[in-house]
Every structure is written in structure tokens, then in C-alpha cells.
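Visitor: Hi, I have a structure to look through and I'm new to this. Could you walk me through parts of it?

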Amino acid sequence: MMKLFPAIDIRAGRVVRLRQGDYQQMAVYAQTPLEAAAAFRAAGAGCLHIVDLDGAKNGRPGNFPLIAQLLAEAGLFTQVGGGIRSLALIKQYLAAGADRVILGTAALEDPAFLAQALALYGPQVAVAVDARDGRVAVRGWLETSGQDSFDFCRSLSEQGATTVIYTDISRDGLLKGTNLAAYQQLSAIPGLAVIASGGISSLAEIEALAALGIAGAILGKALY
């Protein structure tokens, strides 16, 4: 069964949503992260997706105490990402109660670190592949590399990664639909559980993703 992950993106301690990953186009919500988590739990959520946007942008944790409090109180299967670029920080998040940590920029730019993380923590590590025009974006989506996103996902599977979170940045935060063609292509990669993110705005899309065999979907602006 496909898992649904309500998203809590945090910047400076606040719940926010970015438009196409643009930090200059940021909606701030009145709910605190703790209130948002409680609301999702009350609505029946079984999972959470938490991103430290300050961490993603700056390469170091910007909201760790708050996220640790969320992990302690949420009582849900929770994956956390944003600026996780060291084994020490992976260990810190897992010790705080995260069920899975998400590597982004470091997974692309530091293959040795990725190999160590997968060797030590296996399925507790997911890799976020954020794509802009088919290329992998890094540093909180502020830069675009020359790496083809689909080739990178295939290489991740070959390296032993079991979960990839794939976001089409062009769809993110627009409520205009997700990139089903991309997920159909990704679903053919053997041994890789794919979590869809970006633009999902209807139950019909969730059903279509499930029919493709996609393992999970991250829901953001549509829920807020």
C-alpha cells in the first residue's frame, strides 16, 4: 500500500511552503510545526515528511531542537531531510527518533559519504533527487548540476539505495499536477522504492501513482 507523507517544511522555526523551490516565493502558515503535526495526526496520518529548509540552504542544521521535539511528540513514522551531510548528523537524527533520514546534495557530491551512510544505516537512509529540467538540483534547489536525474536514480539503486524521493521542482507548490511520466519511468528501476513529491493535488493523481507501483507520495500545499 502506498504511504502518504504530509510535509512540514521549516524555515526559521515556521511552517512554510516554497513555490518551485524559490526561497523568495515563500508562503508562511499560521500553524507552528508542532500544531501542524498534531493536526495531521488527528486527521489520520501515519507518516510525516520534515525538511529543515535552513539546513538545506546552508548545509548545516538550522532547526534541530524543534525537529527533535517534533520527533518526540508526533508518534508517526517520520523521515527528515535538509542539510544532512555527515554521519554524525545522521546518527543524531536517528537517535532523536527519526525513522529515516534524507540525503540530498551530499549524496550527489560525496559518493564516499553516501556509500558509508548506506553501509551503516541501510534502509534508514533515503536519497532526495530534486530535478529541474531533468537535471539534479542541489543546495536547497539553489543550484542545478549537470547530472541527469534518471541516470542518477539508476546509479543509486546500483549502489544499494532502497528509497528515492523524487521531486520535479517545476511542479512543486503550484497545485497543477505531478509528473506522472517521470514516475512511470522511475517505477521501472529494479529494487528502488520511489516516493513522489511535487504538485500532487488530487486523489486521482494519488491513485494513478499507486497504480504505477510508487511507494509513497508527499503532500504539501494541497493539504495546507
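Predicted model: local features only at pLDDT ≥ 70, side-chain atom pairs only at ≥ 80, totals over all residues.

Visitor: Okay, is isoleucine 165 buried or exposed?

Guide: Isoleucine 165 has a relative accessible area of 2%, and because buried means under 20%, it counts as buried.

Visitor: What does isoleucine 165 touch?

Guide: Leaving out residues up to four places away in sequence, isoleucine 165 touches His49, Gln79, Ile102, Ala126, Val127, Ala128, Val129, Ile195, Ser197 and Ile218.

Visitor: Switching to β1, where is alanine 7, and is it buried or exposed?

Guide: Alanine 7 is found in strand β1, and it is buried, with a relative accessible area of 1%. When residues up to four places away in sequence are not counted, alanine 7 touches Arg17, Phe40, His49, Ile218, Leu219, Gly220 and Tyr224.

Visitor: Now the helices. Which residues of α4 are buried?

Guide: In helix α4, which covers residues 87-96, the buried residues are Leu89, Ile90, Tyr93 and Leu94. They cover an arc of only 135 degrees around the axis, which means that they sit on the same side of α4.

Visitor: And which exposed residues are on the face turned away from that side?

Guide: That face of α4 carries the exposed residues Ala88, Lys91 and Ala95.

Visitor: What do the buried residues of α4 pack against?

Guide: They pack against strands β4 (47-52), β5 (77-81) and β6 (100-103), and also against helices α3 and α6, the latter covering residues 111-121.

Visitor: Let's follow α6 then. At what angle do α4 and α6 pack?

Guide: The angle between α4 and α6 is about 35 degrees, and their axes are 10 Å apart; the crossing is right-handed.

Visitor: Which residues meet there?

Guide: From α4 come Leu87, Ile90, Lys91 and Leu94, and these meet Phe113, Gln116, Ala117, Leu120 and Tyr121 from α6. Sorted by class, the residues of this contact are 7 nonpolar, 1 polar and 1 charged.

Visitor: Why do the buried residues of α6 line one face?

Guide: The buried residues of α6 are Phe113, Leu114, Ala117, Leu118 and Tyr121. Seen down the axis of α6, they fall within an arc of 130 degrees, so they line one face of the helix. The face turned away from that buried side carries the exposed residues Ala112, Ala119 and Leu120, while the cover over the buried residues includes α4, β6, α5 (105-109), β7 and α7 (149-159).

Visitor: Which residues other than glycine have a positive phi?

Guide: Among them are alanine 12, with phi near 50 degrees, and aspartate 133, with phi near 55 degrees. Alanine 12 is in the loop between β1 (3-11) and β2 (14-19), whereas aspartate 133 is in the loop between β7 (125-132) and β8 (135-138). Alanine 12 counts as exposed at 56% relative accessibility, and aspartate 133 counts as exposed at 73%.

Visitor: Back to helix pairs: how do α1 and α3 cross?

Guide: The axes of α1 (residues 33-42) and α3 (residues 64-74) come within 10 Å and cross at roughly 25 degrees, which means that α1 is roughly parallel to α3. Their crossing is right-handed. The contact brings Pro33, Leu34, Ala37 and Arg41 of α1 up to Leu66, Gln69, Leu70, Glu73 and Ala74 of α3, and by class it has 6 nonpolar, 1 polar and 2 charged residues.

Visitor: One last thing, is glutamate 205 buried or exposed?

Guide: Glutamate 205, found in helix α9 (residues 203-211), is buried, with a relative accessible area of 12%. Apart from residues up to four places away in sequence, glutamate 205 touches Gly177, Thr178, Leu180, Gly199 and Ile200.

Terms used
Residues numbered from 1 in each chain as written. Heavy atoms only, no water. Buried < 20%, exposed > 50% of the residue type's maximum accessible area, 1.4 Å probe, protein only. Contact = heavy atoms within 4.5 Å. Axes fitted to C-alpha atoms, helices over the stretch in contact; angles between N-to-C directions. Helix = DSSP H or I, 4+ residues; strand = E, 2+ residues; numbered from the N terminus. Parallel < 35°, antiparallel > 145°, perpendicular 65-115°, else oblique. Left-handed = near helix turned anticlockwise from the far one by under 90°. Nonpolar A, V, L, I, M, F, W, Y, C, P; charged D, E, K, R; others polar. Arc of directions from axis to C-beta.
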